[in-house]
Amino acid sequence: MAAAVEPSPLTLRIVAECPVTKARACDLTLPHCTVNTPVFMPVGTQGTLKGITVDQLESLGCQICLGNTYHLGMRPGPDLIVKANGLHGFMNWKRNLLTDSGGFQMVSLVELSEVTEEGVNFKSPYDGKEILLSPEKSISIQNSLGSDIMMQLDDVVSSTVKGPRVEEAMHRSIRWLDRCIAANKNPDKQNLFAIIQGGLDAELRKACLKEMTQRDVSGFAIGGLSGGEEKNDFWRMVTLSTDHLPQEKPRYLMGVGYAVDLVVCVALGCDMFDCVFPTRTARFGSALVPWGSLQVKQKQYAKDFLPIDPDCHCPTCKRHSRAYLHALFKSDTAAMHHVTVHNIAYQLSLMRSVRQSIVEGRFPEFIRAFMKRMFPSRDDYPGWAVDALASVNVTLD
Amino acid sequence: MKLELSRVIQGGARLGVLQGVGRTGQHSLKVPGCLLYTHFGTVPHLTQDTLQTVNNLPSVTQVTLSNIAEHQEVLEEFKEGFKTFAGLHNTVLYCSLHDPATRSPTGYATNKTVSVWGSGGRIELTASKFMALLKTVKPDWYQSMADGETWQTNTSRKRIRKSVDRTLAYLDECLLVHQKSQDLDGVELFGVVEGGDVMEERVRSARETAKRPVAGFCFDGLQTGSVDPALRTQLITSMTKELPEDKPRLLQGVGRPDEVLACVEAGVDLFEGFFPFQVTERGCALCFNYDVSPDPERAVLELNEEKHSAGDNVQPKGDLNCEDQTQMTSFEMNLKDKRYQDDFKSLVEGCGCYCCKNHQRAYLHHLLVTNELLAGVLLMIHNMTHYQNFFSAVREALATDKINLLKKRVNGEARNT
């Protein structure tokens, strides 16, 4: 008798592949809904996107967003979230959620954290208690959160670090991946992604890729980048990684969100992206536009009666001018929300356009037009982007 | 605008509709009612999408010169008035001098000027600057310039008299400009009645203001915390005796439900809608009961709830702790309290607002504890809805002779916690 086949909690259907670059447009079916890729995932750290309701997020067309295991594990804690029917129930988000493992926060937020084979030891910033975040603990919290995609706990090392620590972290991440896979209590409802490490060392990356791709995980993240390293090294590691990752599983490039980076890395073969930048910068009055960004709080916009982007269809641009928002920043927090809505709309719209151009077989043209709009002249094109695109057969005029 | 009263209760409360509101005369406002409180045309924390989830929004939007004055140059260059500048559609714009949610300092008014405080500091306004500003704002309706710096206790009689005299003088100056301006054609002007806590001055101010061709009256200097509530209603009664019945009365700076009810009974028609904002800012949700529907089962529940909450560490109802407007009142629940950490009920059962339909107390608690911006958004939606529903209940109670029962509910009823 044949064994019953569990429906997979993740299916990737490649809708189109760019014949020139390594870009793909896919339909990623997850437990809560299908996600169209390439996709940018906004970050809702503490079970909320700052200042934005779930209805607003849904109206903007967001199909997947992030929650942070470290923050939510501390407050309100996994037990409460279980009582609330998972993070979906707690924040009342009906579409997909991806949770990271808490590993990055360990290194970026917590001052005195110590990594051992067991896990990451740290002191809780709220009550000073000693806590150990192990692969098992991280997965346990993520199981309680009930996210559609969980990230493995990896041994995170800054991309600017060199030497034996990088190799140690890479090997440990593989061992921790195995522990995460074993610890997953909901493999039929919750996907686990591996995170490729290896720093900026091609050999270490390849070794990590070789090992991790042998594990049975739903997808792969490219980690250890987007942390201050040289862009020239950054793109080379990205493209090396996608060269060795299976076609039929999604590729998630963590922590990337600048428009240029998104477009280039899609060309290099990445499907999913996340970054706090668009939403964080919004709260400082920085609006993202096809030609860069616009600092609404600056004096020059006090009497500028155009919307942020006259071609943008977001609720903010349909109703308000730069001048109004400029003034509103002096009066009410809603000014931040207006710009947040716009920036999310910008990011999602960008990815939709990218996807559409891949589907219609004109991605290279799209890239050229995008770069032309973004930079005043050819001389301003970032060198690394020119090189990266050239490596996938796109020459910029 | 025309006030059509359907009911007038002996010596006090009125029920009706303010018709022909706005330059085009298309809008109406039920009275007793409240205005839509905004910061520079934006309801605090809310964008259009979140604002539209609130069903019974007031048809009149209030803006204040304290927010607007510093942007005069921009508005002059814009030319098309504040409504268009702020993206406000299909609403009536009422412009007041001060923000009712904040206390302006005293000691700055002069015979010729008053001051407002913007984000960059104090801005001094003469009557002519005041009118110039209003012409740029292009409201549908505004209050005349006024000296209300009498709210502090122990303001001298002399000072109070001066505020009455000055306010009348400012009114006459404003009227002169108003009547000559084509720009203000069809725009309504309310006179402001002052008088501090001195009965004679209140009467004098009301009598004199009523002689001027104003569309209605604002009562200034009686904001929460400035005067004992019992004295306030006496003063209001003394003022309304001098005023024509067919012109509306707007009370500034009073928003607590118990004080609203007392002032409605004394003859006030309109209130500023800032109270829900204050409640939101302290992380609280309005939860007081305003239900006067006949329901015998409720009566039993009432008694039980009263007993249960006897031991609560809560401020007594009708407390005079209104000195500090940031203090929590007995009409609200403090969602930061640990007891809500795992409370999965909606804020108020049967509320029906976006927050109550979609979220639970535990989630609001979490948002407040983690200082998340969404807390303000959700609480503002709930508090506005609850407050608007309260005003509906006030009108309903006046129509069906249940005002005493409503007072009992609002003042004596235990909280819905």
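User: In chain B, what share of the contacts between residues at least 6 apart in sequence joins residues at least 24 apart?
Analyst: In this predicted model, that share is 71% in chain B. Contact means heavy atoms within 4.5 Å.

User: What conventions apply here?
Analyst: Residues are numbered from 1 along each chain as its sequence is written, and chains are lettered from A and ligands numbered from 1 in the order in which they are written. Local features need pLDDT of at least 70, side-chain atom pairs count only at pLDDT 80 or more, and totals for chains, interfaces and linings use all residues, while side-chain values use heavy atoms, with hydrogens and water left out.

User: How many helices and strands does chain B have?
Analyst: Chain B has 15 helices and 16 strands. These are DSSP runs numbered from the N terminus, with helices (H or I) of at least four residues and strands (E) of at least two.

User: And why is chain B called as compact as a globular protein of that length?
Analyst: Its radius of gyration is 21 Å, close to the 22 Å that the globule rule gives for 417 residues, so chain B is as compact as a globular protein of that length. The radius is taken over C-alpha atoms, and the rule is 2.2 Å times the number of residues to the power 0.38.

User: What percentage of chain B counts as buried?
Analyst: Of its 417 residues, 60% count as buried. Buried means under 20% relative accessible area, exposed over 50%, and partly exposed in between (1.4 Å probe, protein chains only).

User: Which residues have the most contacts inside the largest nonpolar core?
Analyst: They are Phe82(B), Phe130(B), Phe219(B), Phe390(B) and Leu406(B), in a core of 163 residues. Helix H14 (residues 374–399) of chain B gives the most to this core, with 15 residues. A nonpolar core is a set of buried Ala, Val, Leu, Ile, Met, Phe, Trp, Tyr and Cys residues joined through side-chain atoms within 4.5 Å.

User: Switching to backbone geometry, which peptide bond from Val31(B) is cis?
Analyst: The bond to Pro32(B) is cis, with omega near 0 degrees. Pro32(B) lies in the loop between strands E3 (27–31) and E4 (33–34) of chain B. In chain A, a cis peptide bond joins Thr37(A) and Pro38(A), with omega about 5 degrees.

User: What is phi of Lys138(B)?
Analyst: Phi of Lys138(B) is near 55 degrees, a positive value in a residue other than glycine. Lys138(B) is partly exposed, with a relative accessible area of 29%.
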